[in-house]
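Here are a few notes to read alongside the coordinates.

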Amino acid sequence: MTDDYLSRIGKLIRDARQHRGWTQSQLAEALGTSQSAVNRIERGNQNISLEMIARIGEALDSEIVSLGYAGPMHLRVVGGRRLSGAIDVKTSKNACVALLCATLLNSGRTTLRRVARIEEVYRILEVLNSVGVRTRWINDGADLEIVPPAELDLDAMDTEAARRTRSVIMFLGPLLHRMEQFKIPYAGGCDLGTRTVQPHMTALRPFGLEVTATDGMYHARVDRTVSPTRAIVLTERGDTVTENALLAAARHDGVTVIRNASPNYMVQDLCFFLEELGVKVEGVGTTTLTVHGVPRIDRDVDFSPSEDPVEAMSLLAAAVVTESELTIRRVPVEFLEIELAVLEEMGLDHERGIEYTADNGRTRLVDLTVRPSKLQAPIDKIHPMPFPGINIDNVPFFAAIAASAQGSTLIHDWVYDNRAIYLTELNRLGAHVKLLDPHRVLVEGPTRWRTAEMMCPPALRPAVVVLLAMLAAPGTSVLRNVYVINRGYEDLAERLNSIGAQIETFRDI
């Protein structure tokens, strides 16, 4: 076998093992071999027989590995079916990746409960593992344990994994306290046009961080004589920018005031986690955060991130476009209140249960039942705003909802350079979406959905919107190369199938 083929097989085996929640040692035990042999296989440094590939596939219950390299994953969707029953909202993807980056602040053991099992999390774990952080899935793969080393080996960083996630930019905040110079790869993630990292640099410069970008890497230097002398004013009220500033302030020996901060759900979860680490944070949920940092953190902590309001919105949109009655449980309602108010004005028939508290002890949850509704287009345009406005990531779902409503809806996605363009992919499924400019689309409804075979848009939320439209289209549709969906959603196809959808995953052989 060629080295390239061995590397591809090794990556498939590694991904399947991590999806199962096994360590290399556990797989080695199941195969009757050594952990070092599994390590060599996963790195593509050992010849492997077809018999061994079959044994690994059987051990991991993974048809993908037993077939060898099979290319990207696709979905075959039989649409026109009503959904029914109840489904739980998973924990927040965006909170989980921020918390994983935040574990670099702590010298002790961190246990995160009900971590989202998604590609974005796997990529961050690969980066953490490569620099010496020990991680393992526990409690049948539900929870994650993270133990950092005394010294990080950044020279060994898995740059390929790092380039596939934008979240690696949040390594800057914690790393500036651990070393005086280091480098990380350019941030990747969704194709959403130009997304400058300059606001991050502006936020971190008061802590002595200076960054130059050359040869695909950010080269960072830290001047220990520099520390904030006044409030840090963020030039962008972004979620990851705020999180990076929080991560830097957490181990700054003093009080840091961060103004124009994002009060969004993942930022709040990070603040709650920092409080578990002994860092006092005042103003959680507002645009001014006051952080009482501690120079050293060495605590064994146990934390449960809250549920994902964007996934809740996805499931709500699925019920609307398929004209279904569906109960969505564990909805973080405080981060969906504006969306629900708009949908109520459009005519959504829904019922909210009694509020209760998430496992983090702070976030308010409800169970939400959505019923088939005759929707009218909203009077005003749909546009995102920082919390408590319509969430930036929830805007694309209004395209599918507007396509199901009577009338014209203007959607203004002003944040990203080209995400609105991907919403025109709904036209291939029968919608009438007119692109007015790179940020605005006009959606005419209602829609008679039809089937199509198409490539998955390269941006996460528009990709899921296309999948939801396929659920509404009578007949069989195919959505090809759905890696971007797996970046942000855990077992979405299987979970939709549990409430009445008919979606089959397959690969080209």
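Predicted model: local features only at pLDDT ≥ 70, side-chain atom pairs only at ≥ 80, totals over all residues.

1. Setting aside residues up to four places away in sequence, Phe182 touches Leu154, Leu172, Leu175, Leu176, Leu209, Tyr218, His219, Ala220 and Val222.

2. Phe182 also belongs to the largest nonpolar core, which has 153 residues. Together with Phe171, Leu479 and Ile485, Phe182 touches the most other members. The element that gives the most to this core is helix α17 (residues 460–472), with 11 residues. Another core, of 16 residues, lies apart from it and includes Leu6, Trp22, Leu27 and Met52. As background, nonpolar side chains in soluble globular proteins tend to be buried together.

3. Next, have a look at helix α14 (residues 337–346), where the buried residues are Glu339, Leu340, Leu343 and Met346. They sit on the same side of α14, because the arc they cover around the axis is only 115°. Their cover includes α13, β15 (349–352), β17 (364–371) and α15 (395–403). After α14 comes Gly347, with a positive phi near 110°.

4. Finally, is Glu307 buried or exposed? Glu307 lies in the loop between β13 (301–303) and α13 (309–321), and counts as buried because its relative accessibility is 1%, with the limit for buried being under 20%. Its side chain makes polar contacts with two arginine side chains: Arg114 at 2.6 Å and Arg330 at 2.8 Å. Leaving out neighbours within four places in sequence, the residues in contact with Glu307 also include Val89, Lys90, Thr91, Ser92, Pro332, Ala358 and Leu365.

Note on methods
Residues numbered from 1 in each chain as written. Heavy atoms only, no water. Helix = DSSP H or I, 4+ residues; strand = E, 2+ residues; numbered from the N terminus. Buried < 20%, exposed > 50% of the residue type's maximum accessible area, 1.4 Å probe, protein only. Polar contact = N/O pair within 3.5 Å; in protein donor to acceptor, adjacent residues only side chain to side chain. Contact = heavy atoms within 4.5 Å. Arc of directions from axis to C-beta. Core = buried A, V, L, I, M, F, W, Y, C linked by side-chain atoms within 4.5 Å.
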